[in-house]
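This report describes one protein chain for a reader who has not seen it before. It starts with the overall make-up and then turns to particular residues.

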Amino acid sequence: MIPPASHFLYYASSTRDGKDFSPIIGFFIDATPSEVIVRMWDQLQERLVKVSEEEEERYCQAVKSLEFDRQLGPYNLNPVWRLEAFIKLHYKEHY
């Protein structure tokens, strides 16, 4: 559901209490339509790493067969719809 384009992904690991963070790490991806990008969190390195080709293929097949989406609905990318939903949620007394 990521729009096709170049994107910069960044993150920082934290302590269990969420008070201290490591330096921010990031990387670029060039997302194309129907592409599945798989990364796994490596606790020892505290970063996202690529997985083996076999594991990546299993995840790609699961994504394409909608195994992870069984309980999800479609995501509406229309900004006007999101703004209306936000307004209705926060100003219920006026609707």
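How many helices and strands are there in the chain? The chain has two helices and four strands; both are DSSP runs numbered from the N terminus, a helix (H or I) having at least four residues and a strand (E) at least two. Along the sequence they follow the pattern β-β-β-β-α-α.

This is a predicted model, in which local features need pLDDT of at least 70 and side-chain atom pairs count only at pLDDT 80 or more, while totals for chains, interfaces and linings use all residues. Residues are numbered from 1 along each chain as its sequence is written, and side-chain values use heavy atoms, with hydrogens and water left out.

## The chain as a whole

Of the 95 residues in the chain, 12% are buried. Buried means under 20% relative accessible area, exposed means over 50%, and partly exposed lies in between (1.4 Å probe, protein chains only). The chain exposes about 8500 Å², and carbon and sulfur atoms supply 56% of this area. Accessible areas come from the Shrake-Rupley method with a 1.4 Å probe, and for residues only the protein chains shown count as cover. Among contacts (heavy atoms within 4.5 Å) with a separation of 6 or more, 27% are between residues 24 or more positions apart.

## Aromatic rings and a surface patch

The structure holds four aromatic pairs. Rings of Phe, Tyr and Trp (its six-membered ring) pair if their centres lie within 6.5 Å; planes under 30 degrees apart count as stacked, over 60 as edge-to-face and the rest as tilted. One of the pairs is formed by Phe 8 and Phe 28, which is tilted, with 4.9 Å centre to centre and 55 degrees between the planes. This pair links distant parts of the chain, as Phe 8 is in strand E1 (residues 5-11) and Phe 28 is in strand E2 (residues 25-31), 20 residues apart. Another pair is Tyr 59 and Phe 68, whose ring centres are 6.2 Å apart; the planes are at 15 degrees, so the pair is stacked.

Phe 8, Tyr 10 and Phe 28 form one aromatic cluster. Together with Ile 24, these residues form a nonpolar patch on the surface, with about 530 Å² of accessible area. Ile 24 lies in the loop between E1 and E2.

| Residue | Relative accessible area | Class |
|---|---|---|
| Phe 8 | 44% | partly exposed |
| Ile 24 | 62% | exposed |
| Phe 28 | 65% | exposed |
| Tyr 59 | 28% | partly exposed |

Is Ser 13 buried or exposed? With a relative accessible area of 10%, Ser 13 is buried. Its side chain makes a polar contact with the side chain of Glu 46 at 3.2 Å. A polar contact is a pair of N or O atoms within 3.5 Å; within protein, one must be able to donate a hydrogen and the other to accept it, and residues adjacent in sequence count only if both atoms are side-chain atoms. Leaving aside residues up to four places away in sequence, Ser 13 touches Asp 20, Phe 21, Ser 22, Trp 41 and Glu 46.

Trp 41 is in strand E3 (residues 40-42) and is partly exposed at 39% relative accessible area. Among the residues that Trp 41 touches, again not counting those up to four places away, are Tyr 11, Glu 46 and Leu 48.

Note on methods
Patch = residues over 30% accessible without salt bridge, like charges linked within 9 Å, V, L, I, M, F, W, Y side chains within 5 Å. Salt bridge = Lys/Arg side-chain N within 4 Å of Asp/Glu carboxyl O.
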